[in-house]
Structure formats: C-alpha cells, structure tokens
Amino acid sequence: MSILTFSFLFLCLSTCFPTFYANALLDVPTPYLSPKTFFPNYQKMLETLKIFIYKPNTAFAYNSQAESLFYASLRNSPFATEDAERAHLFFIPFPSDISLNSISRVVRGLRREFPYWNRTLGADHVYLSCAGGTADSDRNVLELRKNSIQISCFPTPAGKFIPHKDITLPPVGALADAPPSATVKFLGYFSYGGGGEGESALVEELKSDPDFLVESGPSDEITFAERASSSKFCLFEYKADVSRIGGALGLGCVPVVITDRPIQDLPFMDVVRWQEIAVFVGTGGGVEEIKHVLSRTSGEQYERLRGIGVTASKHFVWHESPEPFDCFNTLMYQLWLRRHTIRYVLRD
C-alpha cells in the first residue's frame with residue numbers, strides 16, 4: 001500500500017476512532033510530533049478546556065478574516081464559559097488597529113475590575129493581534145506582550161513573535177480537491193504577489209526555467225487547484241504570500257518554503273512535524289540551489305512528504321462552523337497546551 005493511501009486511511013481513522021488509531025496504527029507515517037499523546041490529549045481538551053471572554057467596552061470588528069473567524073468561533077463554542085472561576089484561560093478582545101495607549105487602558109481596567117490578571121500578571125490571558133504586539137515601557141502593555149499568549153497571523157512581522165508562548169493563525173483559503181485527471185507536468189509551481197519592476201532575481205530565474213510554472217498575482221481557486229495538482233512542488237517565499245500553503249498540502253503539492261533564516265512562527269509547531277510535510281530552501285543559491293534540493297527529494301521520500309502533507313492539511317481548513325481537527329480546534333488544542341504556563345495551579 002502506498003504512503004498516500006496509508007495517509008488517507010490514517011486521516012479517516014484518526015477522525016472517527018482517535019483512541020483506536022493512536023494505539024493500533026503507530027507504524028503508519030504521521031504528521032504529528034507525538035501521535036501517541038495527541039489524540040487522547042485532544043479529546044481531553046474537548047472535554048475540559050474553558051475560556052472566559054471579557055466583554056469589550058464597545059462593539060468592534062477585526063481586520064482579517066482569520067481573526068474574525070477565530071473570534072466568532074470561540075464565542076459560539078463550548079469552550080467559552082461565563083464562569084470565570086472555571087476558566088483555564090482568559091480572552092481579551094480588542095480591535096486590530098488599537099493604539100498602545102488604548103491597550104494600556106484595557107489592561108488597566110482588567111487589573112482594577114477583575115482578580116484574574118493580577119494573580120498571573122496576564123500569563124493565562126490570550127489576545128489576537130495580526131500585526132504582532134509591540135513592547136512598551138508602560139507596565140500594562142509590557143506585561144501583555146511579555147506574559148500573555150499572542151495569537152498573530154502567519155507570517156508574523158519580524159521580532160514580534162515569542163516562540164515559547166505565542167501561536168499563529170493559518171491563512172484562510174479554500175481547500176479544493178485536485179482534478180481527477182491531473183497529471184504532473186511541472187517540477188514546481190510558484191504564484192507570487194508582485195510583478196513588473198519589483199520582481200526579484202529569483203522570480204526572473206524561475207520564469208526563465210521551463211521546469212517551473214510561474215504566475216504573477218493570485219489565481220482563482222479552480223486555477224490554483226489545477227496548477228498545484230499538476231506540479232510536484234508548490235513554492236512559497238516566506239514573508240510573502242503564503243496564504244495557500246494549506247491548500248497546497250491538501251492537493252498533494254509539497255510546499256517548498258524559501259527563507260533566509262529559521263522560521264519560528266509556523267502554524268501548529270506544537271502539533272505537526274513541518275520537516276515531514278514541507279521542504280525548506282535558502283534564498284542565496286537561487287534556482288540552482290532550489291533544483292538541487294528538490295532533485296534529492298524524490299522517490300519514496302517525496303511520496304512520504306506528499307502523503308503526510310495530505311493528512312496534515314485537515315488542520316489548515318477553516319469552517320464557519322468548526323469541525324473536528326480543523327483549524328479552529330487545532331488552535332484551541334495549542335491554547336490547551338499552554339494552560340499551565342502560569343503561576344498558580346489550575347483545576348482540570
């Protein structure tokens with residue numbers, strides 16, 4: 001049986017029978033850091049995790065679709081509780097474009113009106129910020145940034161992500177099915193956001209190489225599905241347009257992340273083994289280095305990456321109404337893992 005077939009079996013069993021899966025199929029290649037603990041812990045998270053949501057002073061809307069979906073899902077989920085004494089974590093809602101002075105006022109209000117901030121200095125508090133938090137000499141802003149769990153958008157601006165506590169929202173993108181008749185025609189598919197005079201030397205090299213399909217600007221979902229499924233690899237420049245990395249995984253197009261430094265803000269780094277679902281290439285060697293790395297990623301190794309990536313893709317899908325193991329619930333699992341990173345013992 002092929003790695004890809006195993007992965008589909010793995011996905012089905014992990015969705016329907018997580019405990020059976022964890023005990024009986026540990027020899028099947030998986031995307032998880034620890035499949036033996038992930039599924040029972042995920043189930044425990046569903047049963048126990050409670051989050052108290054502070055009420056904002058005024059109605060507001062988040063700027064990004066991912067933030068809006070997360071906030072709406074959280075408010076309507078069984079994780080939300082109105083009994084703060086039962087809560088493991090406390091969510092602070094405020095708009096994306098809020099000023100530092102306004103953030104300070106929000107935290108000052110929590111410190112004055114509730115007992116929960118003071119007992120941990122905000123370490124069991126959570127907030128959304130796609131732009132990433134900025135440290136400030138103000139005590140309230142500093143404690144929020146240094147202690148509280150920041151949920152930011154991927155990729156997070158440089159210097160605004162603290163790996164041991166912060167997590168990232170995967171981009172919102174449709175996860176289309178590959179066309180049944182798709183055949184591999186290209187080594188790599190690269191859809192970049194720019195064009196014209198702003199094109200990099202790497203883009204120029206890729207455009208002149210017949211092994212790569214290169215397009216400027218995002219295509220529609222059907223076109224993306226056709227082109228990704230007809231390519232072995234999908235190329236993404238870190239800090240550029242990575243919104244379709246989950247879609248590429250689901251289509252069996254192995255992501256190639258082009259970066260000049262280690263990445264600390266990849267989505268679900270507590271859950272999945274990124275080295276088992278994606279290829280990472282430096283920026284200095286140009287197309288020659290990319291082709292060299294991809295030529296070594298072939299045969300069984302490629303099929304393994306592809307199959308495990310299809311399994312992992314379930315976690316990158318957003319739904320208006322959350323489903324098991326989808327993006328929202330996997331984010332909640334990451335929050336559940338952080339529930340003890342505080343200064344007092346919580347009840348489970």
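Ser152 has Thr168 as its bridge partner in strand S6. The model is predicted: local features need pLDDT of at least 70, side-chain atom pairs count only at pLDDT 80 or more, and totals for chains, interfaces and linings use all residues. Residues are numbered from 1 along each chain, and side-chain values use heavy atoms, without hydrogens and water.

**Sheet.** Strand S5 (residues 149–153) pairs with S6 in the parallel sense over 3 bridges. Strands are DSSP runs (E, at least two residues), as are helices (H or I, at least four). Pairing takes at least two DSSP bridges. The open sheet has 6 strands, ordered S2-S1-S3-S4-S5-S6, with parallel pairing. S2 and S6 are the edge strands, each with a single partner, so one side of each lacks a neighbour in the sheet.

| Strand | Residues |
|---|---|
| S1 | 51–53 |
| S2 | 80–81 |
| S3 | 89–92 |
| S4 | 125–128 |
| S6 | 167–169 |

**Helix packing.** Helix H13 (residues 327–337) lies across S1, S3, S4, S5 and S6, at about 170 degrees to S6. Axes are lines fitted to C-alpha atoms, for helices over the stretch in contact; angles run from 0 to 180 degrees between N-to-C directions. The axes of H4 (residues 65–75) and H13 come within 11 Å and cross at roughly 75 degrees. H4 is therefore roughly perpendicular to H13 (65 to 115 degrees). Phe70, Ser73 and Leu74 of H4 meet Phe328, Leu331, Met332 and Leu335 of H13; contact means heavy atoms within 4.5 Å.

Conventions: Parallel < 35°, antiparallel > 145°, perpendicular 65-115°, else oblique.
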